[in-house]
Amino acid sequence: MAVALDATPFNFVAIVLCVSVGAGLLGSLLGLGGGLILIPVLTLVLKVDIRYAVGASIVSVIATSSGAAAAYVRDGLANMRVAMFLELATVAGAVTGAMLAGMVGGRALYFLFGAVMAYSALAMLRKLREDGGPRQEPPPDAVADRLGLHGSYYDVSTGGEVAYRVHRPLVGLGLMYIAGTVSGLLGIGSGALKVPAMDLAMGLPIKVSTATSNFMIGVTAAASAGIYFARGDIDPFIAGPVCVGVTLGAFAGSRFLTKLKSGSLRMLFVAVLLWVSYEMLSKGIHG
Amino acid sequence: MTEPAEPPSPPETTTSAAVARDEVVPLTPELLISQLLRGGVLLSLSLVTCGMVMTFFRHPDYFSSPDALQRLTAPDSVPHRLPDVFEGVMAVRGQSFVMAGLLVMITVPVLRVALSLGIFRAQKDRAFAAITTGVLALLLLAFLLGGVE
């Protein structure tokens, strides 16, 4: 039994659809993926088995990533060469993660989810404190030069083309393997791990890191989604409304609302996320 | 998922984008990939939505019976082999339409990688053609591994 709930199928689908729209909306407001919000609601509130929650979430992750990437790529913000290079590692990681998910128990998944969620909440706090600031020119890097990973983007706020150089691509590759494994294991995009890997380790501007991360998430998620499908963990009755709902919510969020900049409101969300991660952790420990 | 404001000119991330900028032809590799992603997502969501509507049209008891939910979400009720999904679509089963839509969604990024491979090859970028082939091979490996399990 994937759902421990006494509702009619129609009510269930309606509730899942509404919750997913909310998760997509909130996710796009906070710059988090929908999965991070969706999975706790599906498991803790709607009592969906965590495996089916992960299976449903991973497909919605592809939807939001592809939708956002379509805009980022058209605007030339995502660095497609860096993305393709790093996808070698994220896809390998995603395969590892999805295979591991078949072996580890539900409680371990709850525990890990709680830990990643707490980390993501704290990472959001960090982003809140140090926004902007002058960037240092990274030292030259032979591998990045050979592969031609450097790029430039059009900055709306300054109205000019900003050129940037990439370094330590191999460190990035290692970090991306970890991000891919987490993504495959938990059914989230794990943008909170991908963005710092590019921004802090490889020296990409934060805007480019965010856009490129979004672009990569779809391919990473597709690799693990294939495995979840074959295992029978993608239940159309749960994944269908989740996929439609999260996409609608994320689209509405990006279209009609500006990103939340208010510090205090963000702090409130960080607190909520930390509380939810505590709930997930304790479910992992006590079962 | 933010839509950044429209820049006045497409910035060059690849060489052919820079070339295309001087011509009137707006079909850059970026635009091609962008269209593929958008089209794929729209197709998938329409299939999923149609499937959901069909399901409730064909089963009026889904509006009233709580037992049906347990049956629907029982682990073995899920079609998880391609022939099963195909058969269900042919039989106009709503849930198979939803599943087909979800499968289209999973395929979109794979097609994006395949399209990128074509673009890198057309640009005679051998290093990136090799990297892209590697990514594509890993993706196919993932689907095969999943099937074996």
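Helices and strands are here DSSP runs, a helix having at least four residues and a strand at least two. The model is predicted.

**Exercise 1.** Determine how many helices and strands chain B has, and in which pattern they follow.

*Solution.* Step 1: Counting the runs gives 6 helices and 0 strands in chain B. Step 2: Read along the sequence, the pattern is therefore α-α-α-α-α-α.

**Exercise 2.** Describe the helix α5(B) from its span to its end.

*Solution.* Step 1: The expected span is 1.5 Å times one less than the number of residues; α5(B) has 29 residues, and 42 Å is expected. Step 2: From first to last C-alpha the helix reaches 41 Å, close to that value. Step 3: A kink of about 30° lies at T107(B), shortly before the proline P109(B). Step 4: Just after the helix, K124(B) takes a positive phi of about 55°.

**Exercise 3.** Characterise the contact between the two chains.

*Solution.* Step 1: Chain A gives 71 residues and chain B gives 64. Step 2: On the side of chain B, α2, α3, α5 and α6 each supply at least two residues. Step 3: That side of chain B divides into 42 nonpolar, 18 polar and 4 charged residues.

**Exercise 4.** Which residues touch the most other members of the largest nonpolar core?

*Solution.* Step 1: This core has 132 residues, and those in question are V59(A), I62(A), C243(A), L102(B) and L139(B). Step 2: Helix α3 of chain A provides the largest share of the core, 16 residues. Step 3: Among the residues that I62(A) touches are G218(A) and A221(A), as well as M105(B) and P109(B).

Technical notes
Residues are numbered from 1 along each chain as its sequence is written. Chains are lettered from A and ligands numbered from 1 in the order in which they are written. This is a predicted model: local features need pLDDT of at least 70, side-chain atom pairs count only at pLDDT 80 or more; totals for chains, interfaces and linings use all residues. Two residues are in contact if their C-beta atoms, placed from the backbone, lie within 7 Å. Ala, Val, Leu, Ile, Met, Phe, Trp, Tyr, Cys and Pro count as nonpolar, Asp, Glu, Lys and Arg as charged, and the others, Gly among them, as polar. A nonpolar core is a set of buried Ala, Val, Leu, Ile, Met, Phe, Trp, Tyr and Cys residues joined through C-beta atoms within 7 Å. A residue is buried if 20 or more other C-beta atoms lie within 10 Å of its own, exposed if 12 or fewer, and partly exposed in between; C-beta atoms are placed from the backbone. The bend at a residue is the angle between axes fitted to the seven residues ending there and the seven starting there. Lists of a residue's contacts leave out its neighbours within four places in sequence.
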